[in-house]
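User: I have a structure open here and would like to talk through a few spots in it. Can we start with one side chain and its surroundings?

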Amino acid sequence: LPSRAGCTQFPVGETELHRAFQDGHTLVELLHVLVPSAEAQLTAGVHKRSASSALAVANIELGLRLVWQANPVARNMPTALELYAATSRETVLRFVSELLAMYAERPAQRRAATVLGWA
């Protein structure tokens, strides 16, 4: 595995977004916000310090397991190694787009009829 340059400064620039998930903690922290009901599941398995690539990949795998439970589109889902290596910007952008669709767009569409009074 390539050494991780890490992306520790936020906000992340457009050209560096594909490296945002390399540290093994960013995905877990993002899921804490997106899926508050899964906090116990995320907290129980996460490695607090990703001192090695194996621990960072393990954290990414933990986050991906939770994302898979939400039934994402399979072609938009990277592997933990793809997120860690961050070799394909397009792969990571598809993943971020899928997270947005699953946790923001689809729930908003389900609530639209009620909110807008079209029910």
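Analyst: Gladly, and please keep in mind that this is a predicted model. Leaving aside residues up to four places away in sequence, Glu 98 touches Pro 72, Val 73, Asn 76 and Arg 106.

User: Which helix is Glu 98 found in?

Analyst: Glu 98 belongs to helix H5, which covers residues 89-116.

User: And is Glu 98 buried or exposed?

Analyst: Glu 98 counts as buried, because its relative accessibility is 3% and the cut-off for buried is under 20%.

User: Switching to aromatics, how many aromatic pairs does a search of the whole structure find?

Analyst: The search finds one aromatic pair. Phe 21 and Phe 95 form that pair in an edge-to-face arrangement, with 5.6 Å centre to centre and 75° between the planes. The pair links distant parts of the chain, since Phe 21 lies in the segment before helix H1 (26-34) while Phe 95 lies in helix H5, 74 residues apart.

User: What is the relative accessibility of Phe 95, and what is the relative accessible area of Phe 21?

Analyst: Phe 95 has 0% relative accessibility and so counts as buried, and Phe 21, with a relative accessible area of 5%, is buried too.

User: New topic: what span should helix H3 have, and how far apart are its end C-alpha atoms?

Analyst: Helix H3 (residues 53-68) has 16 residues, so at 1.5 Å a residue it should span 22 Å, and its end C-alpha atoms are 22 Å apart, which agrees.

User: Which residues in H3 are buried?

Analyst: The buried residues of H3 include Ala 56, Val 57, Asn 59, Ile 60 and Leu 62, and also Gly 63, Leu 64, Leu 66 and Val 67.

Notes. Residues numbered from 1 in each chain as written. Predicted model: local features only at pLDDT ≥ 70, side-chain atom pairs only at ≥ 80, totals over all residues. Heavy atoms only, no water. Helix = DSSP H or I, 4+ residues; strand = E, 2+ residues; numbered from the N terminus. Buried < 20%, exposed > 50% of the residue type's maximum accessible area, 1.4 Å probe, protein only. Contact = heavy atoms within 4.5 Å. Phe/Tyr/Trp six-rings, centres within 6.5 Å; stacked < 30°, edge-to-face > 60°. Expected span 1.5 Å × (residues − 1).
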